Amino acid sequence: MTAEHAAHADPATDEAIQILQRKLNDQSLPAGRCREALAAASENLIARFRAGESVVKLVHARSDIVDQILVRLWQEYVADFASKAALVAVGGYGRGELHPYSDVDIMVLVPDPLPDEAATVIAEFFASLWDVGLDIGHSVRNIGECCEQSAQDITITTTLIEARLIDGSIPLFREMSQKLTSDDIWPSDKFFAEKLKEQRARHLRYEDTAYQLEPNVKGSPGGLRDIQMIGWVAKRHFGVHTLDELVTHNFLTPVHLENLQQGQEFLWRVRFGLHALTGRREDRLLFDHQSRLASMLGYEDATYTLAVEQLMQRYYRTVMELSRLNEMLLQLFEEAILMDPDAKPHPVNERFQVKNGFLQTTNDQVFAREPSALLEVFLLLQQHDDIRGVSALTIGLIRRNLHLIDEEFRQKPRNHRLFLSILRAPAGVTHVLRRMNLYGVLGLYIPSFGRIVGRMQYDLFHAYTVDQHTLFVVNNLRRFALSRFDHEYPHCSPLMQSFEKPEIVYLGGLFHDIAKGRGGDHSELGAVDAESFCLEHGLSKYEARTVAWLVRHHLALSMTAQKKDLSDPDVINEFAALVRDKTHLDYLYVLTIADVKGTNPKLWNSWKATLFRDLYELTARALRRGLEKPIDRELLISETQEAARRLLKESGATATVIDRVWQLFGEDYFLRYKSGEIAWHTKILADSDVSSEFGLQDVRVRTDGDGIEAVLVTPRSKQTFAHATALLDELGMTIVDVRIVPLTNDFSLDTYIFMELDQRNEVDAPRIARIRRALTRILASSDEDADIVTRPAPRQVRMFATKTIVSFDQDITNGRTVMELVTGDRPGILSTVGRIFVEFGINIETAKILTIGERAEDVFYVTDSKSDPLSDVTCSKLQERLIRAIDSNS
């Protein structure tokens with residue numbers, strides 16, 4: 001903006017400005033009085049915001065309040081020099097837009113040369129602004145320096161584009177403005193290209209998605225910076241001062257302008273509220289603030305959605321619309337600034353043509369005359385990989401014709417064929433589905449998908465909105481299907497590439513979470529939607545039922561692998577009976593991995609990959625034997641022992657040594673460990689004195705993936721679980737698996753698999769040595785020496801209050817009790833459980849440790865001191881004791 005003065009609030013009527021002026025009636029104006037006046041005016045603005053007043057008025061009023069403070073101090077400190085220099089607002093302050101704790105960026109524009117005495121008074125002026133309590137960004141430049149620095153740094157050019165004169169020399173300010181608009185300094189084509197590159201880099205810093213758990217209102221894709229980007233380019237190319245003027249240039253329709261203004265106003269309310277809540281400049285929608293902000297903005301919990309989920313859905317839908325507008329308008333600029341407006345279009349068919357690399361309709365009536373073209377446009381993008389995208393005018397036409405996607409449209413066989421062709425295309429499936437979602441087509445063609453657009457789940461497990469997560473799942477499946485990604489997914493890729501009809505699993509991915517937020521079991525409800533959709537689209541009954549089965553059971557493999565004892569043949573036989581055949585197993589396996597990886601990339605690790613692969617291979621083996629011939633224990637034990645013996649003999653171990661060590665192991669041991677693990681344990685025990693009073697231990701990096709595994713051999717009476725888990729917790733480890741096997745000599749062999757909580761830590765030799773030294777302490781400790789975990793829970797986890805639930809089930813076949821614990825995931829939980837188990841004389845056989853965002857869902861397979869299942873009385877007392885202990889430490 002190059003306006004010399006801008007006033008948004010009327011000093012005669014705005015309440016906050018009146019408060020400010022009353023406070024400033026003392027002409028001596030000490031800094032303390034200015035601070036008091038500013039604070040009183042700011043409190044008034046925040047109170048009015050809480051009362052629901054227009055945030056647009058308040059944002060501009062804040063700028064005007066700061067104007068008055070600055071003018072008074074400018075005249076006070078720079079009186080003798082004020083008429084020769086110019087006090088200039090730049091950046092957001094230059095636009096007249098300030099939130100309660102926004103930076104106030106100013107520049108003192110000085111004549112050349114600058115009198116010596118001026119530098120001193122300007123420095124005193126800046127210092128007074130800090131004393132008042134303003135967060136000031138300041139610079140002092142003459143016109144030559146403005147031009148020189150702008151030519152070198154586009155950030156400075158961008159800042160000065162929005163310069164506004166607050167006080168001082170009008171001629172000096174006008175001269176600077178005229179020189180900065182010269183084409184010699186960042187002509188509009190170079191300016192646009194550089195700002196576009198800058199935006200893409202910024203989007204990448206936010207993983208190129210606006211749908212993160214804790215988005216940045218200002219910088220994330222679709223945020224305020226994207227709106228400002230449109231303004232900067234418009235000002236540079238057209239010389240306009242406001243976005244309204246783009247309507248007269250036919251670059252913005254009144255509807256688009258209204259959408260931009262409404263989106264900006266909503267984001268301003270969110271940002272203003274964040275500042276008001278935190279008492280500081282805060283642009284991140286952190287979990288710490290989301291619930292309180294929802295309450296401040298008037299949202300209330302509903303039957304199936306929390307107030308915070310409603311707020312965040314509104315946020316995500318807003319930034320989605322702003323992202324689409326940003327793309328469309330920047331493309332219009334690109335066509336106007338960088339491309340040949342007289343370029344000859346190349347016809348694709350009678351409805352579409354390509355001009356300057358972008359797909360466009362041949363006329364404005366294409367969609368009205370042939371609504372199916374609303375799907376055809378996306379299929380053409382897949383079929384012509386040389387097309388850069390959809391032209392901005394055609395994007396606008398798509399949006400204006402969305403009303404044509406009605407029930408009649410959804411029932412037409414031609415549209416069914418077009419949609420399935422998009423799913424079956426050899427390339428561009430994910431890219432096109434994302435565009436369909438962005439332009440609003442996908443949610444109208446599949447109405448149940450439209451209901452999950454922007455829907456977030458208020459937890460730490462789901463990193464994205466439901467619609468974005470769904471598209472990430474389909475994207476993962478597509479990567480499995482492309483041979484160039486075989487090195488990333490060596491187990492999934494061959495399966496995915498072998499499917500004769502991959503669209504079955506794509507549809508499973510598209511529908512697996514489609515019923516989230518409706519109440520009831522989303523898997524069951526989604527399966528009904530999926531089967532109906534598939535039948536309507538001409539899939540066979542078998543194919544439709546397969547898709548529905550995938551949706552209904554999409555959690556089964558993950559939950560079985562992470563919560564059940566895979567060493568139990570009954571678990572494998574039960575899961576094999578669920579999947580029924582290898583085809584269903586293959587579909588479910590690739591969908592499960594795509595789903596987990598698309599839920600939260602930080603939660604995927606090699607341990608989960610190993611668990612899923614183990615369950616897959618064990619189930620495939622059971623299916624090969626036939627469901628009528630379930631796997632038996634004796635055969636598994638025999639095959640595992642044979643494989644372990646081969647490994648040990650290759651390393652030089654004799655049969656005598658192997659037999660001597662294996663006399664310590666019962667049958668259950670050979671069911672619960674793989675051949676490689678058995679070989680490692682055998683070597684440890686063969687080289688050590690197992691009867692030592694203190695026991696022995698060893699640590700190594702896992703041989704088949706990330707993470708570390710440790711083995712402790714200690715007297716069974718020591719019950720070291722509480723000690724070991726506390727120690728590993730304190731070291732910053734996350735434990736994923738524990739197995740405790742009694743030996744025949746009254747010792748137990750305890751194994752722990754764990755990973756670095758902070759993935760930046762390198763698991764090198766010194767780190768392993770430190771863990772080994774720490775575990776050695778356990779061997780010499782007494783039962784009363786359990787370590788206290790002092791490491792605090794992460795900030796995000798502390799924002800949730802998860803109810804502690806302890807439940808029991810009896811595993812009659814294996815003579816043990818299964819205890820499941822659901823509670824908030826905090827350091828020290830496992831140690832607390834271990835200490836209470838000692839109190840009750842309970843032995844742990846296996847612990848399956850599962851963290852789902854902020855929630856721990858751990859499963860313990862336990863027996864009493866006589867190796868029998870727990871009695872009902874013991875279960876009841878144990879439940880009460882655990883809940884009391886865990887909740888008291890929350």
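Select Ala710 and then Tyr752 of strand E12: these two residues are bridge partners. Strands (E, at least two residues) and helices (H or I, at least four) are DSSP runs, numbered from the N terminus. The model is predicted, so local features need pLDDT of at least 70 and side-chain atom pairs count only at pLDDT 80 or more, whereas totals for chains, interfaces and linings use all residues. Residues are numbered from 1 along each chain as its sequence is written, and side-chain values use heavy atoms, with hydrogens and water left out.

Next, display E12 (residues 747-756) together with E10; the two run antiparallel and are joined by eight bridges. Two strands pair if DSSP finds at least two bridges between them. Colour E10 (residues 708-715) by accessibility: eight of its eight residues are buried, that is, under 20% relative accessible area (1.4 Å probe, protein chains only).

Now move to helix H26 and select His522, Ser523, Gly526, Ala527, Ala530, Phe533 and Cys534, which are buried. They lie on the same side of H26, because they cover an arc of only 135° around the axis, taken from the directions from the helix axis to the C-beta atoms. Show helices H19 (413-424), H21 (441-445), H25 (503-511) and H27 (541-552), against which these buried residues pack.

Finally, inspect Asp521, which caps the N-terminal end of H26 with a side-chain oxygen 2.8 Å from the backbone nitrogen of Ser523. Just after H26, Gly538 has a positive phi of about 85°.

Notes. Buried means under 20% relative accessible area, exposed over 50%, partly exposed in between (1.4 Å probe, protein chains only). Contact means heavy atoms within 4.5 Å. A polar contact is a pair of N or O atoms within 3.5 Å; within protein, one must be able to donate a hydrogen and the other to accept it, and residues adjacent in sequence count only if both atoms are side-chain atoms.
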